[in-house]
Amino acid sequence: MIPKLKRVGYVMEFTLFNREDLLKCTETFVQVFNQEPWNDQWSMETAKQYLLDYINTQGFMGIVAVEGKEIIGFIFGAHKLWWSGGEFFINEMCVSIEKQNTGVGSKLLKYLMNELNIERVSNISLLTDRGIPAEAFYKKHGFTEINRLMFLTKEMK
């Protein structure tokens with residue numbers, strides 16, 4: 001059953017991503033991540049290619065939140081085999097600025113978890129920045145830190 005969030009004047013629906021959703025997902029992505037707290041500098045072209053890289057990954061699954069004709073949020077990730085069973089890694093999740101703190105993100109996660117239960121996925125993993133609202137959001141939904149892991153990066157000059 002597809003969860004719906006009813007509000008005056010519209011119904012919000014949650015569905016699996018299809019390629020026709022790419023442009024609207026890209027618009028939402030740019031609108032969200034070019035603002036606080038990320039302050040990225042995505043262009044439509046680079047963001048579209050970035051999201052396409054995930055879409056073209058083996059095991060890809062996307063969930064979109066649609067209101068009218070607008071995509072107001074999405075989760076992109078990939079299902080892969082892990083030693084303890086199936087794992088889903090969330091690569092990107094965003095909700096439009098106007099819809100944050102309204103339950104859309106929670107409903108997206110719930111829809112994702114329902115889909116993953118059907119697939120018998122036993123674990124969901126992700127990376128996020130510390131000290132931003134996303135950290136508190138994921139922890140509120142039962143995600144915990146793995147102390148034994150370290151995320152490393154190196155700037156190439």
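Analyst: Buried means under 20% relative accessible area, exposed means over 50%, and partly exposed lies in between. The model shown is predicted. By that cut-off, K99 and E67 are both buried.

User: What does K99 form with E67, and how far apart are the closest N and O atoms?

Analyst: The general idea is that side chains of opposite charge can pair when their charged atoms come close. Here K99 and E67 form a salt bridge, with 3.3 Å between the closest N and O atoms.

User: How many salt bridges does a search of the whole structure find?

Analyst: The search finds five. One of them joins the side chains of R130 and E145, at 2.8 Å from N to O. R130 is in the loop between β6 (121-126) and α4 (133-140) and E145 is in the segment after α4, so this pair links parts 15 residues apart in sequence.

User: Is R130 buried or exposed?

Analyst: R130 is exposed, at a relative accessible area of 62%.

User: Which residues do salt bridges with shared partners join into one network?

Analyst: E145 also meets the side chain of K139 in a salt bridge, 3.1 Å from N to O. K139 is partly exposed, with a relative accessible area of 39%. Through shared partners, salt bridges join R130, E135, K139 and E145 into one network.

Notes: Residues numbered from 1 in each chain as written. Predicted model: local features only at pLDDT ≥ 70, side-chain atom pairs only at ≥ 80, totals over all residues. Heavy atoms only, no water. Salt bridge = Lys/Arg side-chain N within 4 Å of Asp/Glu carboxyl O. Buried < 20%, exposed > 50% of the residue type's maximum accessible area, 1.4 Å probe, protein only. Helix = DSSP H or I, 4+ residues; strand = E, 2+ residues; numbered from the N terminus.
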